There are 2 protein chains.
Amino acid sequence: MNGAESLVHTLLASGVDVCFANPGTSEMHFVAALDRIPGMRCVLGLQENVVTGMADGYWRMARKPAATLLHCGPGLANGLANLHNARRARAGIVNCVGDQATYHRPLDAQLTADTEGFARAVSAWTRTVARAEDVGRDAAVAVQAARTSPGQIATLILPSDTCWDDAPGGPAAALPVPAAPQADPHAVRNAAKALRERKNVLILLGGLALTGEAQKLAWRVAQATGATVLAEMSNGRTERGRGRLPLERVPYPVDMAVEALKTFTTIILVNSKAPVGFFAYPGKPSRHHREDADILLLTRYEADPIQALTALAEELRAPAVDLPDPGPRPEPARGVPTPEGLARTLAALMPEDAVVADESVSFGRGFFKETHCAPKHDWLQITGGAIGCGIPLATGAAVGAPGRRVVNLQADGSGMYTLQGLWTQAREKLPVTTIVLSNRKYAILLGEYRGVGANPGRTAMDMMDLGNPDLDWVKLANGMGVEAAKTATLEGCGDLMKQSFAKDGPFLIELEI
Amino acid sequence: MNGAESLVHTLLASGVDVCFANPGTSEMHFVAALDRIPGMRCVLGLQENVVTGMADGYWRMARKPAATLLHCGPGLANGLANLHNARRARAGIVNCVGDQATYHRPLDAQLTADTEGFARAVSAWTRTVARAEDVGRDAAVAVQAARTSPGQIATLILPSDTCWDDAPGGPAAALPVPAAPQADPHAVRNAAKALRERKNVLILLGGLALTGEAQKLAWRVAQATGATVLAEMSNGRTERGRGRLPLERVPYPVDMAVEALKTFTTIILVNSKAPVGFFAYPGKPSRHHREDADILLLTRYEADPIQALTALAEELRAPAVDLPDPGPRPEPARGVPTPEGLARTLAALMPEDAVVADESVSFGRGFFKETHCAPKHDWLQITGGAIGCGIPLATGAAVGAPGRRVVNLQADGSGMYTLQGLWTQAREKLPVTTIVLSNRKYAILLGEYRGVGANPGRTAMDMMDLGNPDLDWVKLANGMGVEAAKTATLEGCGDLMKQSFAKDGPFLIELEI
């Protein structure tokens with residue numbers, strides 16, 4: 001058995017059975033091992049940021065890590081932006097990177113790069129395998145790291161000789177995964193005391209606390225104490241729709257966030273952190289809560305929020321309560337596309353158990369309010385602000401949640417970053433409906449530019465306008481084997497959504513907005 | 001004057017007047033300054049690896065640095081692979097990266113990443129500006145670093161407050177650029193002695209020694225001494241065609257490289273390094289020259305090869321000689337596409353002073369031999385092995401060499417990495433003819449896989465085959481506003497080449513091979 005075979009056996013033994021890949025010459029022994037050993041589903045991406053974004057989407061739905069297969073430092077570099085998003089989503093990924101043979105590296109051949117240097121900035125755990133006989137052990141530790149709550153990026157760098165050399169010890173057995181930490185009883189009592197004694201308390205949910213079950217517990221606590229519940233601004237996965245709490249998020253724009261938070265003198269963090277701006281702006285605050293707010297930590301991001309919120313509810317003797325009714329399901333909207341109209345159309349038409357991959361950027365800020373009344377679904381956001389997340393995320397989510405329809409709400413400028421992911425959707429026949437919000441500009445930047453206090457001239461527009469020439473998403477999708485159609489009305493969009501939801505494979509709707 | 005204006009004035013004063021950009025929120029003050037201050041040509045790329053690849057192509061042709069404008073750590077990360085190629089091409093780039101405000105960074109907002117960590121692995125020089133008043137000085141030093149022989153990547157990281165704060169000192173004046181080092185007279189005498197006294201001497205040219213003038217000097221030395229002249233395997237820019245030396249390169253495959261080098265007991269390095277394999281292979285040597293070869297350094301990569309080779313020729317009293325005739329210009333080829341046939345067609349049809357951007361990968365290894373007889377032209381290669389170089393390189397070369405036709409020989413798998421660059425060609429109306437060598441597979445990997453000793457099964461093929469579904473490059477190009485056509489014959493390709501050479505703007509030919 002060589003090192004590559006030891007790797008594949010170890011991954012399978014540790015429960016990793018999907019590999020998102022874009023291999024190169026130095027990974028040929030890994031590819032050969034995947035070919036010989038049955039059990040691993042291999043999904044090709046045509047660029048590495050598609051590969052890593054798929055691994056993120058897969059984790060968010062499957063709640064177990066996939067492996068990646070990347071080629072040397074530059075292949076890893078191409079995938080870093082979506083690893084950054086995955087890191088912020090706290091996704092678990094076994095990020096396998098092939099590299100130059102140990103004895104070849106010192107010769108500084110052309111493709112040699114600082115692979116470890118690239119990896120460390122996005123990984124919770126990084127290791128370069130030293131010898132073939134270590135591959136099994138190192139891979140088992142990598143999977144353990146990836147599965148450690150709430151999910152981590154573990155980068156395993158495999159010099160090519162560690163894959164082709166003989167690995168006498170063979171594969172390693174799966175290592176135990178530590179349970180998520182329990183809440184500190186003092187923190188529970190402190191939070192209960194604040195909730196009992198104070199007004200204007202916010203319970204801020206993030207990460208693992210965005211499951212339907214955690215939301216229900218937070219609502220029970222809030223109802224018993226008069227507190228408010230909000231979610232963080234950007235979340236890896238929020239369980240939503242009928243049967244879940246109609247949960248609002250802290251808004252993105254500074255002024256709106258400050259307004260939304262201005263009454264809260266106490267904030268209890270449940271797997272979240274105190275709200276800060278996505279960016280700084282001259283003369284505006286970086287922290288969005290009141291300066292005098294008292295920030296109490298119930299649980300950090302890696303802790304078990306169900307245990308903590310249950311303990312809190314019990315400490316408060318909070319009775320079980322029903323969730324508020326989100327109101328009736330709306331009719332699809334008609335006419336010129338608006339954010340609210342598109343959201344209503346989506347709420348009206350999305351099938352039960354859909355997954356929404358949301359990279360709608362500026363157009364999509366109002367989508368949440370209109371979709372609480374949709375059938376139950378999961379909503380995946382761009383968590384790290386590195387655009388180019390949506391298409392790969394939707395693709396990986398479809399692999400990670402078989403049988404469920406994925407709807408990708410996709411800004412056009414961001415979509416162009418990783419459009420190659422459409423090809424993988426076609427190859428794997430994945431049930432993904434991509435709705436490209438085609439405004440032919442970096443609309444968020446135009447808003448930001450006006451915030452700088454000027455109207456853009458020709459040079460500035462040249463860097464924010466995506467017209468001249470217009471992108472044709474129908475041709476782009478067709479060029480990668482994905483069926484597509486264009487529309488400029490909400491009823492047109494609704495019709496195409498219905499058609500696409502009835503299909504098995506992918507479909508792209510270019511919605512001119 | 002704010003820091004951003006100080007930056008733009010300093011760049012312009014230092015001779016940097018092209019900026020390849022994909023800005024974000026944190027760069028809006030930079031964009032506003034570019035809008036207010038005339039003189040900078042701003043070229044938008046729809047993904048950062050396009051941006052950095054264009055900056056590389058621009059340098060290779062213009063021989064002066066462009067600026068980039070990238071958005072935070074993840075924006076830089078997206079551009080790292082082509083910065084890796086640029087580093088291996090020894091291109092000069094003033095790589096400007098906006099980032100979180102200095103006081104916002106410690107809050108670890110979602111887009112915050114290890115920007116310096118990403119930058120250092122590809123940059124010869126990295127600095128994060130501390131205060132707005134330092135922007136001018138730091139930018140001038142960055143340009144000086146970028147222009148230092150033979151060209152370097154200088155990464156200047158600009159926290160957003162250093163751009164919007166007042167910069168009392170204003171811009172900085174251009175700093176002097178040090179001259180390329182001269183050859184050590186001892187090294188010249190040693191090389192001359194070896195050339196006079198020994199047989200089987202190889203003069204290996206790289207980097208700056210691949211200009212027509214340096215080739216002529218090397219040929220003069222070789223003719224006087226019986227030595228052989230070769231170029232390194234991967235070169236940033238080689239001046240070629242009629243009036244230049246019909247110079248061959250060290251081959252890529254290990255066995256061919258070892259065969260080509262086996263007679264040489266002495267190798268004189270002129271801006272080159274001793275040949276090593278792109279990758280290691282089990283049981284094959286990493287160094288491709290004879291183990292007993294004597295390696296003599298005439299000049300390192302940063303030195304002036306004209307001065308060194310002139311000194312060498314004079315030391316040897318080598319008489320002026322004519323270059324060998326490359327033979328008559330061929331007729332265009334017909335029929336089923338072969339590498340040799342395509343190269344002959346190109347040699348037959350390419351206009352005087354064309355620029356060839358070659359990311360043909362496996363199909364293109366025989367192109368050199370058939371194109372010595374073409375009109376004079378420049379040939380740009382993928383230097384770092386990070387695929388996705390060709391389309392951006394061609395785009396940037398067209399900006400850096402106005403009035404010259406650029407021909408991009410483009411493998412399909414590699415082309416998919418950065419296809420977004422086609423849109424920039426359309427927007428800027430650049431005279432680029434892209435010839436996509438459409439074999440619908442990672443052909444190089446299939447070859448390598450067979451080298452591992454097995455025929456690929458289903459799983460392996462799934463990771464090397466780009467069919468199912470087939471990519472349609474005509475639709476992809478049209479979707480980005482680039483005219484395109486498909487052909488499966490060399491006469492068809494020749495006709496389309498002629499048509500495209502008569503146009504002002506870009507054109508894409510999908511050649512089914």
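1. Cysteines. The model is a predicted one. The sulfur of B:Cys373 has its closest cysteine sulfur in B:Cys493, 17 Å away, which is too far for a bond. B:Cys373 is itself buried, at a relative accessible area of 9%. Over all chains, a search of the whole structure returns zero disulfides. A disulfide would need the two sulfur atoms within 2.5 Å. B:Cys42 also counts as buried, with 9% relative accessibility.

2. Relation of the chains. Chain B superposes on chain A by a rotation of 180° with 0.0 Å of shift along the axis, and the RMSD is 0.0 Å. The two copies are therefore related as by a two-fold rotation axis. The same surface serves both copies, since 100% of the contact residues of chain B recur in chain A.

3. Annotated span. UniProt, in an unreviewed entry, lists residues 1–106 of chain A as "domain: Thiamine pyrophosphate enzyme N-terminal TPP-binding". In the model this span is 49% helix and 20% strand. Its end C-alpha atoms lie 27 Å apart.

4. Strand β6 of chain B. How many residues of strand β6 (residues 153–159) of chain B are buried? The count is seven of seven, so the strand is mostly covered. B:Ile153, B:Thr155, B:Ile157 and B:Pro159 point one way from β6(B), while B:Ala154, B:Leu156 and B:Leu158 point the other way. Both sets are buried.

5. Partners of β6(B). Strand β4 (residues 93–99) of chain B runs parallel to β6(B) and is joined to it by seven bridges. Strand β5 (residues 125–128) of chain B is also parallel to β6(B), with four bridges.

6. Cis peptides. Most peptide bonds are trans. Two bonds in chain B can be checked against that background. B:Ser149 and B:Pro150 are joined by a cis peptide bond with omega of about 0°. B:Pro150 sits in the loop between α7 (135–147) and β6 of chain B. Another cis bond joins B:Asn468 and B:Pro469, with omega of about -5°. The loop that holds B:Pro469 runs between α19 (458–462) and α20 (473–479) of chain B.

7. Positive phi. Most residues other than glycine have a negative phi. A:Cys72 is not a glycine, yet its phi is positive, at about 55°. A:Cys72 belongs to helix α4 (residues 72–78) of chain A and is buried, with 0% relative accessibility. A:Arg90 likewise has a positive phi, near 55°, and is a residue other than glycine. A:Arg90 is placed in the loop between α5 (80–89) and β4 (93–99) of chain A. Its relative accessible area of 33% makes A:Arg90 partly exposed.

8. Is B:Arg440 buried or exposed? At a relative accessible area of 19%, B:Arg440 is buried, because the limit for that class is under 20%. The side chain of B:Arg440 makes a polar contact of 3.3 Å with the side chain of B:Asp470. Beyond residues up to four places away in sequence, B:Arg440 touches several others, including B:Asp412, B:Asp465, B:Glu510 and B:Glu512.

9. Two alanines. B:Ala174 lies in the loop between α8 (160–164) and α9 (185–197) of chain B and is partly exposed, at 41% relative accessible area. Neighbours within four places in sequence aside, B:Ala174 is in contact with B:Ala13 and B:Ser14. A:Ala145, in helix α7 (residues 135–147) of chain A, counts as buried at 9% relative accessibility. Leaving out residues up to four places away in sequence, A:Ala145 touches A:Trp125, A:Gln152 and A:Ala154. A:Ala145 and A:Met40 are 105 residues apart in sequence and 20 Å apart in space, C-alpha to C-alpha.

Definitions and conventions:
Residues are numbered from 1 along each chain as its sequence is written. Chains are lettered from A and ligands numbered from 1 in the order in which they are written. This is a predicted model: local features need pLDDT of at least 70, side-chain atom pairs count only at pLDDT 80 or more; totals for chains, interfaces and linings use all residues. Side-chain values use heavy atoms; hydrogens and water are left out. Buried means under 20% relative accessible area, exposed over 50%, partly exposed in between (1.4 Å probe, protein chains only). A polar contact is a pair of N or O atoms within 3.5 Å; within protein, one must be able to donate a hydrogen and the other to accept it, and residues adjacent in sequence count only if both atoms are side-chain atoms. Contact means heavy atoms within 4.5 Å. Copies are superposed by least squares on the C-alpha atoms of residues with pLDDT of at least 70 in both. UniProt positions are given in the numbering used here, feature names are shortened, and annotations may be inferred rather than shown by experiment. Two strands pair if DSSP finds at least two bridges between them.
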